[in-house]
Amino acid sequence: MNYRNIIILFLTSIFITTTFAQECPDLDPTGYGSCDMWLGYGWTGENCIGISGCDLNGDEAWFFQTIEECLSSCDTLGDLNSDGYLDILDIVIMVNIVLGNITPTDSQLWSGDINSDDIINVLDIIALVNIILNSSQEDRDTWQIIQEDILTPRCISCHETGTYFAQISGLVLTPDSAYSQLIDTYPTNMFASEDGLVRVSSDSGMYGLQLSFLWEKINAPNEEHFHSEHPFYGGLMPLGAP
Ligand code: HEC
Ligand SMILES: [Ca+2]
Ligand SMILES: [Ca+2]
């Protein structure tokens with residue numbers, strides 16, 4: 001897998017979602033009485049934490065000796081926000097960890113290290129994107145998937161020739177023009193353009209990602225940064241979505 005295609009891969013995985021069954025029940029750490037007796041590590045739904053109490057209430061199967069044992073039994077590789085789905089939200093969190101914008105929790109350190117080499121880096125991002133893509137059993141090429149699954153249903157209601165929104169954004173995302181309008185082109189937004197961003201950079205790896213305005217426009221967990229540091233970059237896309 002080539003680093004050069006990471007952004008395209010990244011885009012591809014938007015709105016493709018993989019579901020799986022969560023293994024362990026969510027324990028309530030305050031639910032075992034007010035004694036100080038050490039019970040073990042248990043899964044709370046987001047993380048594995050140490051739990052004390054008076055007795056195990058019949059939950060002995062869900063308490064573990066070490067945090068690693070707990071994470072590997074209860075957490076899911078790739079599910080960084082622990083919502084039971086593998087999707088773009090997990091990729092966005094992982095990218096923000098790699099960029100140093102988010103300090104990962106124990107659970108994220110475990111679930112984000114897809115290739116088990118004890119660090120989270122661009123290789124894990126590629127691995128996660130691959131897991132998500134492979135699960136959807138695609139035989140279309142990447143750009144076709146982006147166009148048919150993302151741009152056409154989610155974006156062209158506004159970004160279509162002749163609409164007012166296409167006019168003010170200067171961006172048309174219908175199949176005949178999306179690729180040529182996105183890759184290595186300058187944004188209409190003059191603040192982003194002056195900052196040296198292109199819409200989607202074909203530069204390699206994380207550097208290309210940081211140069212891409214589209215990344216800024218869809219990186220929802222980073223919304224605060226987006227609005228405070230770039231007050232003139234416009235709205236997050238798709239505009240008006242939750
Ligand atoms: C409800 C209408 C609407 C939808 C849906 C929408 N956009 Fe936009 N888009 C706009 C408007 C309006 C602008 C210009 C103002 C701004 O940047 O906020 C814009 C600007 C942009 C820009 C910056 C263009 C530039 O060069 O300055 C990008 C990139 C973008 N949209 C991508 C997308 C993508 C990708 C989607 C689908 C996931 C999408 N938009 C969905 C209305 C929309
Ligand atoms: Ca998830
Ligand atoms: Ca790793």
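Mentor: Let us begin with a term: a residue is buried if 20 or more other C-beta atoms lie within 10 Å of its own, exposed if 12 or fewer, and partly exposed in between, with C-beta atoms placed from the backbone. This is a predicted model, in which local features need pLDDT of at least 70 and side-chain atom pairs count only at pLDDT 80 or more, while totals for chains, interfaces and linings use all residues. Residues are numbered from 1 along each chain as its sequence is written, and chains are lettered from A and ligands numbered from 1 in the order in which they are written.

Trainee: OK, so is Ile 119 buried or exposed, and why?
Mentor: Ile 119 is exposed, because 11 other C-beta atoms lie within 10 Å.

Trainee: Where is Ile 119 placed?
Mentor: Ile 119 sits in the loop between α4 (106–112) and α5 (122–135), where helices (H or I, at least four residues) and strands (E, at least two) are DSSP runs numbered from the N terminus. The C-alpha atom of Ile 119 is separated by 9.4 Å from that of Val 98, with the two residues 21 apart along the chain.

Trainee: How many helices and strands are there in the protein chain?
Mentor: The protein chain has twelve helices and four strands, and 33% of its 242 residues count as buried.

Trainee: And which residues have the most contacts inside the largest nonpolar core?
Mentor: They are Leu 151, Leu 173, Leu 197, Val 198, Phe 213 and Leu 214, in a core of 19 residues; such a core is a set of buried Ala, Val, Leu, Ile, Met, Phe, Trp, Tyr and Cys residues joined through C-beta atoms within 7 Å. The largest share of this core, five residues, comes from α6. Apart from it lies another core, of 16 residues, including Ile 88 and Val 95.

Trainee: Switching topic, what surrounds ligand 1?
Mentor: There are 23 residues around ligand 1, and the closest are Cys 155, Cys 158, Pro 187, Asn 189 and Gly 234; a residue is near a molecule if its C-beta atom, placed from the backbone, lies within 6 Å of it. At least two residues of that shell come from each of α6 (142–155), α7 (164–169) and α11 (213–218).

Trainee: Last one, how do β2 and β3 run?
Mentor: Strands β2 (residues 37–43) and β3 (residues 48–53) run antiparallel and are joined by six bridges, where pairing requires that DSSP finds at least two bridges between two strands. Gly 42 stands opposite Ile 49 in β3.
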